[in-house]
Amino acid sequence: MTYPISYDSTTKKVTLDDDVSASQYKDLQVELSQLNTLTSELVSNGGDVPPAPSKESYNKSLSAMTKKMHEAAVSSMKTQKFADAAKQFGLALEMASRRAKFESFQLTIPEVAVCLNGRCDANLMAGNFLDAYNDAEILTNIMPNVPDHFLRKGVAARNLGRLVDAKAEFERGLCFNESHPKLQAELQNIVVKIAEENGE
Amino acid sequence: MAEESFIKEEAAAKISVYTPIIYVVVMITALVVFSVVYRRRNVKHLQEMKPFFPENIPREIYFQLKYQEPKPNDKVLKAALIRRGSEAIRRMMKLRENQQHVKLLYERGSIGDELFLRHQFASKIQELELQELGLEAESYKQGWAPTFFAVCQEVTFNEALRRRVKAVDERKQVLSAEWGLVVESAEKKVEKKVTEAAT
């Protein structure tokens, strides 16, 4: 199969032909944008081929920038500017996930998780429970063995009025640590609330 | 008694010496025809079988760019090859994840021959694809193949992570529609608080 794509030698980018509609080739366009991103990352890397993923080839200056932004967000949290903190955590997250795709995933994931943790907490405190729920959902997907992520997701779900979902999240979290005091307390509370809702 | 044995001898003498040869020839021809027809049917069946995975877009893009005139920059081709490798690794991982379950379901009779065959077939295709990718990587730079697959794996994981992080807004809309929530932006909330404070 031949795709309607064209290569521009000056920008080194592959794009959809002008005479086709983007909506018709949605998947192809996603693939092309990912290819162009990877090409620009390879060009900026400079080497003949991308280096093997390791600690040495990991971009440390980007890590330092992410850390700075994270620290700024933490200080906003301390002064109770939760909406600002959520935005700053979001920026830190963007920085962390903007590194070259061929860099070590093992080193990227803790950075991303720390930013998501912070943003989730900031959103919970700011009352943006749906955003907090989404952040916690990503956290439970990328690091499923951390009970605190289920606590965050459960609290967000409870505040969204999803009591049964919240109960399931607390129970899941307790599977990883049976003696987690906050999860236990939240589970007890939610069981009582569900019973109240059922008229018991 | 003597007359009876004479009749038997006469009957034995009537069978031609070519009879067993013809018999063997007919048997072999029948087996060859059966084998040819059977194999053709199998190949046709495999060709008609629905592929396990959808179209491999990164692979097609790579080939299209590789054989295009004028030839794109080497970095673009390498990036396209890495994306092709990343897709191959993603597919291989999916197949390995499913392998045990597919086998178990097949043994229990929960899935049919066709799905099981499609899975087996896809595994073989992916193995060949990985071999081909190794050779292709070597053609760009001698000794690149060992680090090439490690790079492809990182690209696969990092892309998956980015997809999840980027899907937050879309997921928010889906959930709010599903749960019937009214989502207020942070700006609107601040505006509301300001007007409340003013009144």
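The legends below describe close-up views of a predicted model.

**View 1. Division of chain A into domains, with the contact between domain 2 and domain 3.** Chain A of this predicted model is divided into domain 1, spanning residues 5-45, domain 2, spanning residues 58-127, and domain 3, spanning residues 143-200. The contact between domain 2 of chain A and domain 3 of chain A draws 5 residues from domain 2 and 5 residues from domain 3. The C-alpha centres of these two domains of chain A, domain 2 and domain 3, are 26 Å apart, and between them the two domains bury about 450 Å², of which 69% lies on carbon and sulfur atoms.

**View 2. Packing of helix α4 against helix α6 in chain A.** Helix α4 of chain A, made of residues 105-126, packs on α6(A) at an angle of about 25 degrees, and the two axes are 11 Å apart. Because angles under 35 degrees count as roughly parallel, α4(A) and α6(A) are described as roughly parallel to each other. Their crossing is left-handed. On the α4(A) side the contact is made by A:N117, A:C120, A:D121 and A:L124, and on the α6(A) side by A:H149, A:R152, A:V155 and A:A156. Sorted by class, the contact of α4(A) with α6(A) comprises 4 nonpolar, 2 polar and 2 charged residues.

**View 3. Packing of helix α6 against helix α8 in chain A.** Helix α6 (residues 147-159) and helix α8 (residues 181-197), both of chain A, have axes that come within 10 Å and cross at roughly 25 degrees. The two helices, α6(A) and α8(A), are therefore roughly parallel to each other, and α6(A) passes α8(A) in a left-handed crossing. Helix α6(A) contributes A:P147, A:L151, A:V155 and A:R158 to the contact, while α8(A) contributes A:K182, A:L183, A:E186, A:I190 and A:K193. The residues of this contact of α6(A) with α8(A) divide into 5 nonpolar and 4 charged, with no polar residue among them. A:V155 of α6(A) takes part in the contact with α8(A) and also in the contact with α4(A).

**View 4. Helix α5 of chain A meeting helix α7 of chain B.** From α5(A), the residues A:L130, A:D131, A:Y133, A:N134, A:D135, A:E137 and A:I138 meet B:V168, B:R171, B:K172, B:L175, B:S176 and B:W179 of α7(B). By class, the contact of α5(A) with α7(B) holds 6 nonpolar, 2 polar and 5 charged residues.

View 5. Chain B is divided into domain 1, covering residues 14-48, and domain 2, covering residues 51-198, and the C-alpha centres of domain 1 of chain B and domain 2 of chain B lie 47 Å apart. The peptide bond leading from B:E69 to B:P70 is cis, with omega near -5 degrees. B:P70 is placed in the loop of chain B between α3 (57-66) and α4 (74-108).

**View 6. A positive phi at A:K12.** Although A:K12 is not a glycine, this residue has a positive phi of about 60 degrees. A:K12 is found in the loop of chain A that lies between β1 (5-8) and β2 (13-16).

Conventions:
Residues numbered from 1 in each chain as written. Chains lettered and ligands numbered in written order. Predicted model: local features only at pLDDT ≥ 70, side-chain atom pairs only at ≥ 80, totals over all residues. Heavy atoms only, no water. Domains from an automatic or database assignment. Contact = heavy atoms within 4.5 Å. Helix = DSSP H or I, 4+ residues; strand = E, 2+ residues; numbered from the N terminus. Nonpolar A, V, L, I, M, F, W, Y, C, P; charged D, E, K, R; others polar. Axes fitted to C-alpha atoms, helices over the stretch in contact; angles between N-to-C directions. Parallel < 35°, antiparallel > 145°, perpendicular 65-115°, else oblique. Left-handed = near helix turned anticlockwise from the far one by under 90°. Buried area = accessible area lost by both parts, 1.4 Å probe.
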